[in-house]
Structure formats: structure tokens, C-alpha cells
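Biologist: I would like to go through this structure term by term. For each word you use, tell me what value stands behind it.

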Amino acid sequence: MRITCTVNGQTHQADDVWEGESLLYLLRERLGLPGSKNACEQGECGSCTVFMDDETVCACLVAAGQAEGREIRTIEGLSEGDRLHPIQQAFVETGAVQCGFCTPGLLIQVADLLRNNANPTDLEIREALAGNLCRCTGYEQIIEAVRLAAARIHPTGEFAR
Amino acid sequence: MEFLTPESWDEALTAKALSPDALPLAGGTDVMVELNLTARRPPLLLDLTRIPELTTWSLTDDGRIRLGAGVTYRQVIEELNDELPGLAMAARTVGSPQIRNRGTVGGNLGAASPAGDCHPPLLAVGAEVEVASVVGSRLIPIDEFFTGVKRNALSPEELIAAVIVPTARGPQQFSKIGTRNAMVIAVCSFAIALDAHHQTVGTGIGSAAPTPIRAHGAERMLTHALKSLWQRRGPLPEDLVQQFALNVATAAKPIDDVRGTAAYRQHALTVMARRTLTWAWDEYWSTGEAAA
């Protein structure tokens with residue numbers, strides 16, 4: 001079947017998509033966007049987290065056909081050109097990246113958190129990231145990165161209006 | 001395999017009538033796992049995510065909540081915490097934010113896993129499942145809905161339209177055992193609902209029998225014992241709480257499996273039953289509901 005959807009602001013089309021295929025496969029193997037990672041294929045690890053119509057989802061659990069006409073935002077659409085997004089910058093500075101496999105999913109999920117919560121507590125950060133597994137860092141640097149990014153994005157702890 | 005995206009409920013029912021083997025697909029949190037990791041290949045995937053009436057909830061004439069089958073856990077948590085506190089508590093324990101954004105109450109009922117998190121709170125309040133086919137719709141009491149491990153009372157040409165849930169008439173609690181707080185399939189779970197108006201108690205047990213079940217004996221015993229206590233402001237006698245916990249554990253028929261042993265589940269149920277009853281009853285008498 002043919003699937004048309006918007007990814008990072010651009011319209012994409014793919015032909016001969018298998019009916020049982022996931023959005024993750026569509027992104028990685030057909031649209032040339034391998035930033036979203038494929039690990040567990042069962043929603044356990046969060047490495048394939050993307051925005052679909054403004055909500056974060058595990059792309060491995062969305063059927064490609066369900067993405068028809070939807071707006072998808074992946075890690076490839078987070079930075080502006082060569083300038084890192086403040087969340088990416090914070091991850092670099094705090095050492096929140098080791099092997100890097102979980103990082104794209106974490107960045108998307110953190111972007112979602114900081115969109116809705118200008119100044120999250122550690123508990124709120126842990127809750128928001130409960131579905132994103134990292135086997136390297138032990139999470140401390142990741143949580144530090146979120147605190148740093150929050151302070152830079154919303155310096156007063158409130159949303160700019 | 002075919003992929004069909006009906007945009008109306010009638011269209012979906014017609015598709016199911018023509019292809020009774022079609023596999024309904026909502027949030028994908030169960031169906032996609034099967035497609036990704038097993039050899040299951042249904043002839044038709046019926047995507048129900050574009051049918052507007054499935055994704056909303058409304059109040060019925062008799063004051064219950066009619067939850068469209070496609071209402072997500074996130075909606076239950078954000079929109080129905082006051083009306084359906086037990087279900088909202090259970091929804092908060094499901095998976096992760098990403099899973100709760102997609103997973104639906106209707107999907108949980110369709111999968112009918114003995115470990116489904118929605119089932120114990122729905123059992124505890126006596127919900128009804130509204131199912132439909134091209135011929136018409138019918139209501140299935142939640143007690144009769146689960147017919148076996150991952151089996152429910154739907155006929156092949158039927159789809160789940162909604163679940164109709166009485167709004168809370170007293171404190172409700174839910175408890176679930178797992179190895180961590182997130183991303184956990186229940187080792188076992190327990191829900192309790194106090195109905196201060198009718199002066200009754202409802203229960204639901206998950207992951208400790210081939211299907212989710214109520215603890216009928218425990219409900220009867222406690223409802224009877226509470227008759228003289230609803231008007232009294234104070235904690236429950238310890239021996240009554242213990243008796244309730246034992247009755248709950250006796251109702252379960254757990255097995256040994258990868259997530260835990262039968263003996264552990266039985267013990268855990270006594271602990272969860274004792275704690276949830278105590279939390280619910282203390283909320284009842286300490287917040288002044290007893291005087292109402």
C-alpha cells in the first residue's frame with residue numbers, strides 16, 4: 001500500500017508498504033531516517049520514541065497505515081540545521097550520552113516533558129522517562145541534563161507567554 | 001494481509017461482518033507486538049483509530065460513564081480521575097507515557113489478558129461492555145465478559161463499542177505487584193470499590209486466575225460485616241481486615257509462571273487486599289463521607 005505522511009515538516013510518500021509494517025520500519029528503511037532506533041520492537045525500551053500529532057509514541061507500535069496523513073516529528077527534526085537543540089546541548093555537556101543508542105528516544109521524550117512542564121521535579125523527570133531504557137549511564141547524568149535543559153529553556157521556571 | 005481504515009462505526013461493523021477473521025487495531029500496544037515478534041498474520045487489520053465516536057466519553061442518562069472503546073489511558077487519567085478513580089489509578093500503572101498515549105481501555109478488554117490492568121477496577125464497580133455487530137448491539141456484564149485466558153465473550157463479527165462504568169460512590173483503590181513502578185505486567189493486582197450509597201463492596205483480582213475475577217465471598221462477608229460500621233467514624237477492626245484479606249486470597253486460583261509462583265501471588269493478594277481496604281475505608285471515614 002502507499003503511505004503519505006508529514007515527517008519533520010516535509011511530505012513523504014512510500015510505496016509497496018507491507019500492511020503489517022510499523023511506523024518505525026517506514027521511517028528507517030523506506031524514508032531514510034534512521035535516527036529513531038530499533039531495539040525491542042515491543043514498546044519496552046523507548047528508543048524509537050517520536051512525536052505523532054503532538055503526542056509521543058513508540059514508533060514500533062504504530063502501524064505504518066495508522067500514520068497515513070499524520071504529522072510525525074523525529075530526532076532528525078529536533079535541531080535547527082547545525083545548531084544543537086538546547087536539550088541536545090545539555091546531554092552533551094553533562095555526559096548523558098555513552099553508547100548513544102537510547103539518546104534519540106530520550107531527547108524526544110524530554111522535549112515532550114519540557115513542553116508541558118517548565119520546571120519538572122526529579123520525580124516528574126523519572127516518571128516522564130520511565131519508558132526509556134538506558135543501559136550505560138545509570139540515568140544520573142540524563143536527569144542532570146534535563147535539569148540543565150529546563151533551566152536554559154525556561155530560565156524563570158515558567159513558560160514564556 | 002489487508003489494511004482497512006474505516007472512518008465510521010457502520011463501516012467498521014460492515015468490514016467485521018464481511019471478514020470475521022479481521023484483527024481490530026487501536027493503540028497497537030498488543031497487536032503490533034504480535035506482528036513484530038510472532039508469526040501471527042491476520043488476513044485483515046482493521047484500524048479503528050479514525051472513528052470519532054470511539055475516542056470520546058459521555059455521561060449516560062442514569063449517571064454512568066460511557067467510555068468509547070478507543071479512549072486512551074492518558075484520557076482516563078487526565079479527564080476521569082474524579083469519576084472513575086479506580087480505573088484512573090490502574091491506568092497510571094500501565095506501561096510508560098508513550099504506551100498510555102496510545103493504549104486504550106477497549107483494547108485491554110479485546111486482548112482480555114488475565115493481567116490486563118483495567119479489568120480489576122471494572123470488575124469492582126460492575127461495569128458493562130457494549131459490543132456491536134451489523135445486527136445490533138448488546139451489553140455484556142463484566143463478570144461474564146472474560147471467558148478464558150485471553151478470551152472474551154465477543155462473537156467473531158462483533159466489535160467492542162464502549163464500556164459503561166458506574167461513577168464512584170465512595171473511595172476506590174488499586175494495587176499492583178511488579179518488579180518496578182513502570183513497564184510492568186502485573187504479577188498480580190487487586191482493586192476495591194466502596195459504595196457508600198448502597199453500602200456494598202466490590203472487588204477485582206488480576207493475574208491470579210485464568211481470567212480476571214471478583215472475590216465474591218470476600219465481597220459478601222465484608223458487605224455484611226460493614227452494615228453496622230458505615231455510620232461509625234473510625235478504623236476497621238483488625239480481625240475483619242484480616243478475614244477479608246484471607247477471603248480474597250482464597251478466591252484466587254493462581255499458577256506458577258515466569259513472573260511469580262502461585263504461593264507468592266496468594267500471599268501478595270492478602271497484603272494488597274489488606275492495604276487497599278484500609279486505605280479506602282480510612283479515606284471514607286476520615287474525609288467525612290461517613291456523615292453524608
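Modeller: This is a predicted model. I start in chain B, where helices α9(B) and α10(B) are roughly antiparallel to each other.

Biologist: Why are α9(B) and α10(B) called roughly antiparallel?

Modeller: Helix α9 (residues 216-226) of chain B and helix α10 (residues 238-251) of chain B pack at an angle of about 160°. Angles over 145 degrees count as roughly antiparallel, therefore the term applies to α9(B) and α10(B). The axes of the two helices are 7 Å apart.

Biologist: Which residues of α9(B) and α10(B) meet?

Modeller: From α9(B) there are His216(B), Gly217(B), Ala218(B), Met221(B), Leu222(B) and Ala225(B). They meet Leu240(B), Gln243(B), Phe244(B), Asn247(B), Val248(B), Thr250(B) and Ala251(B) in α10(B). By class, this contact has eight nonpolar, five polar and no charged residues.

Biologist: Which residues make the contact between α2(A) and α3(A)?

Modeller: Ile87(A), Gln88(A) and Phe91(A) in α2(A) meet Thr103(A), Leu107(A), Val110(A) and Ala111(A) in α3(A). The classes here are five nonpolar, two polar and no charged residues.

Biologist: How do you know that α2(A) and α5(A) are oblique to each other?

Modeller: The axes of α2(A) and helix α5 (residues 140-153) of chain A cross at roughly 135° and come within 8 Å. Because roughly antiparallel starts only over 145 degrees and roughly perpendicular stops at 115, the pair α2(A) and α5(A) is oblique. Here too α2(A) passes in a right-handed crossing, this time past α5(A). On the α2(A) side the contact is made by Pro86(A), Ile87(A), Ala90(A), Phe91(A), Glu93(A) and Thr94(A). On the α5(A) side are Gln141(A), Glu144(A), Ala145(A), Leu148(A), Ala149(A), Arg152(A) and Ile153(A). This contact divides into eight nonpolar, two polar and three charged residues.

Biologist: What is the pattern of chain A along the sequence?

Modeller: The pattern is β-β-α-β-β-β-α-α-α-α, from five helices and five strands.

Biologist: How do you know that the radius of gyration of chain A agrees with a compact globule?

Modeller: A compact globule with 161 residues would have a radius of gyration near 15 Å, and chain A has 16 Å, so the value agrees. The C-alpha trace of chain A spans about 50 × 35 × 25 Å along its principal axes.

Biologist: What does the comparison give for chain B?

Modeller: Chain B has 292 residues, for which a compact globule would have a radius of gyration near 19 Å; chain B has 19 Å, so this agrees. Its C-alpha trace spans about 60 × 45 × 30 Å along the principal axes. Chain B has eleven helices and 13 strands.

Biologist: What does UniProt place at residues 1-170 of chain B?

Modeller: An unreviewed UniProt entry places the feature "domain: FAD-binding PCMH-type" there. That span is 33% helix and 25% strand, and its end C-alpha atoms lie 48 Å apart.

Biologist: How many residues of chains A and B are in contact?

Modeller: In chain A 23 residues are in contact with 26 residues of chain B. Strand β4 (residues 55-58) of chain A gives the most to the chain A side, with four residues. That side of chain A divides into nine nonpolar, ten polar and four charged residues.

Note on methods: Residues numbered from 1 in each chain as written. Chains lettered and ligands numbered in written order. Predicted model: local features only at pLDDT ≥ 70, side-chain atom pairs only at ≥ 80, totals over all residues. Contact = placed C-beta atoms within 7 Å. Nonpolar A, V, L, I, M, F, W, Y, C, P; charged D, E, K, R; others polar. UniProt positions renumbered as here; feature names shortened; annotations may be inferred. Rg over C-alpha atoms; globule rule 2.2 N^0.38 Å. Axes fitted to C-alpha atoms, helices over the stretch in contact; angles between N-to-C directions. Parallel < 35°, antiparallel > 145°, perpendicular 65-115°, else oblique. Left-handed = near helix turned anticlockwise from the far one by under 90°.
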